[in-house]
Amino acid sequence: MNDDQYKHFMIELSEIVGVGWHTMKLIIDNDLHAEAEWSIEQLRKLGVKAQIAERLQQFRSGYTYEKIAEREVHQQKHRYHCITYWDEQYPEALKQIAQPPWILYVRGRLELLQRRSLAIVGTRYPTNYGKQCTKLFSGQFAEQGLTIVSGFANGVDTIAHKAALSYSSSTIAILPTAITQCYPANNYELYERVGEEGLLISESVHASPVHPGQFHQRNRIIAGLSLASIIIEGERKSGSMITARHALDMDRELFAVPGPIHSAKSEGPNFLIQNGYARMLLSSPQLFEELPWLKDNVISENENKHQKVNKLLDELSEDEVKIVTLLKENSFSINEISNLTNIPFGHLNVLLLNLCIKQLIEQHPGSIYIAL
């Protein structure tokens with residue numbers, strides 16, 4: 001298998017019902033992709049359950065590389081991309097956690113994966129105080145150039161996403177459900193907006209009934225993708241506290257906004273502060289005072305932007321130069337770019353993805369691309 005075939009093989013493998021992170025690791029660690037056939041006995045010896053081993057055996061015997069074209073059509077139809085652990089654009093922060101997702105399904109501004117990000121999470125039912133704090137902090141940090149990461153739930157998460165969307169640093173929503181599935185359903189308008197102006201991320205492409213385990217998996221990505229996490233309201237036993245635990249386990253920075261001692265919504269943050277698990281956050285300047293490297297890096301990124309762009313332009317392929325040159329003259333849709341450059345559609349998708357990640361072009365609503 002070449003690299004593209006290997007990545008496609010792993011994507012298809014990960015979508016088999018019942019195949020989880022540990023089964024994928026067994027197959028990767030034992031280089032089973034290089035074997036043309038898998039036996040159920042062989043898989044059972046590695047510790048795979050009987051039912052899953054049977055599915056894996058059937059998958060391997062029926063797998064063909066021709067399905068690569070089918071996936072490209074599906075991705076185009078449903079407006080998402082697949083990023084594997086082995087891709088250059090896979091975020092480095094996620095590679096550092098104990099169980100990094102093997103596959104990320106993404107939709108929106110892929111370049112946000114390379115930006116410095118900050119998680120803001122909290123209760124689905126915030127008080128007026130919680131709403132004000134969320135809007136204030138999300139807007140101020142996004143204005144400073146940090147991408148805001150949250151879990152797309154009602155309440156604090158939704159407020160954080162909306163506040164950050166007003167700025168170019170924008171927001172990343174980690175979905176507990178499939179990339180093609182809006183949950184909660186009442187957030188559909190925000191789902192579409194983040195999918196165009198921000199970035200949606202999921203570990204799944206197939207819609208399925210929601211179960212509690214999906215939220216735990218989502219919360220580890222929220223914490224793993226972020227350099228620091230901020231907890232704004234939540235009870236002692238809540239999803240935001242699970243995110244806090246993930247952040248602590250990953251040795252990431254953790255902050256909590258204190259609240260009234262008589263409010264059940266403040267139990268979680270106050271507990272984290274009281275026991276020394278999280279630093280008390282009272283203002284946005286405080287975050288940069290305690291983490292000066294965060295502000296310094298945001299500033300240096302802006303100051304060196306033109307220098308980085310010039311270096312990237314020198315390293316582009318002939319087709320990439322053709323695309324950037326075209327988009328500097330005008331904005332075009334992917335179909336228009338394909339017609340004007342004669343670059344095959346499948347290859348063009350890859351080139352546009354790479355150029356977005358390099359922050360040389362940007363995708364706007366309606367799949368319109370512009371040069372930056």
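Modeller: Let us start at a proline: proline 184 lies in the loop between strand 5 (171-174) and helix 9 (188-197), where helices (H or I, at least four residues) and strands (E, at least two) are DSSP runs, numbered from the N terminus. This is a predicted model, in which local features need pLDDT of at least 70 and side-chain atom pairs count only at pLDDT 80 or more, while totals for chains, interfaces and linings use all residues. Residues are numbered from 1 along each chain as its sequence is written, and side-chain values use heavy atoms, with hydrogens and water left out.

Colleague: Is the peptide bond from tyrosine 183 to proline 184 cis or trans?

Modeller: The bond from tyrosine 183 to proline 184 is cis, with omega near 5°.

Colleague: How many helices and strands does the protein chain have, and how should I read its radius of gyration?

Modeller: The protein chain has 18 helices and 12 strands. Its radius of gyration, 22 Å, is close to the 21 Å that the globule rule gives for 372 residues, so the chain is as compact as a globular protein of that length; the radius is taken over C-alpha atoms, and the rule is 2.2 Å times the number of residues to the power 0.38.

Colleague: In what order do the strands of the open sheet stand?

Modeller: Two strands pair if DSSP finds at least two bridges between them. Here nine strands form an open sheet in the order 1-2-6-5-4-3-7-8-9, with mixed pairing. Strand 1 (81-84) and strand 9 (279-280) stand at the edges with a single partner strand each, so one side of each is left without a neighbour in the sheet.

Colleague: Which residues of strand 3 are buried on one side, and which on the other?

Modeller: Buried means under 20% relative accessible area, exposed over 50%, and partly exposed in between (1.4 Å probe, protein chains only). Strand 3 has Ser117, Ala119 and Val121 buried on one side, and Leu118, Ile120 and Gly122 buried on the other. Strand 3 runs parallel to strand 4, to which three bridges join it, and serine 117 stands opposite threonine 147 in strand 4. From strand 3 the chain crosses through helix 7 to strand 4, and this β-α-β crossover is right-handed, a term that applies if, with the strands pointing away from the viewer, the path from the first strand over the helix to the second runs clockwise. Strand 3 also pairs with strand 7 in the parallel sense, over five bridges, and there glycine 122 has isoleucine 232 as its bridge partner.

Colleague: What do the buried residues of helix 7 pack against?

Modeller: Contact means heavy atoms within 4.5 Å. The buried residues of helix 7, among them Cys133, Phe137 and Phe141, pack against strand 3 (117-122), strand 4 (147-150), helix 8 (156-164), strand 7 (228-232) and helix 13 (284-290). Helix 7 is followed by glycine 145, whose phi is positive, near 105°.

Colleague: Does glutamate 233 count as buried or exposed, and where is its place?

Modeller: Glutamate 233 has a place in the loop between strand 7 and helix 11 (239-249), and its phi is near 65°, a positive value in a residue other than glycine. At 2% relative accessibility, glutamate 233 counts as buried. Aspartate 31, in the loop between helix 2 (21-29) and helix 3 (40-45), has a positive phi near 50°, and at 44% relative accessibility aspartate 31 counts as partly exposed.
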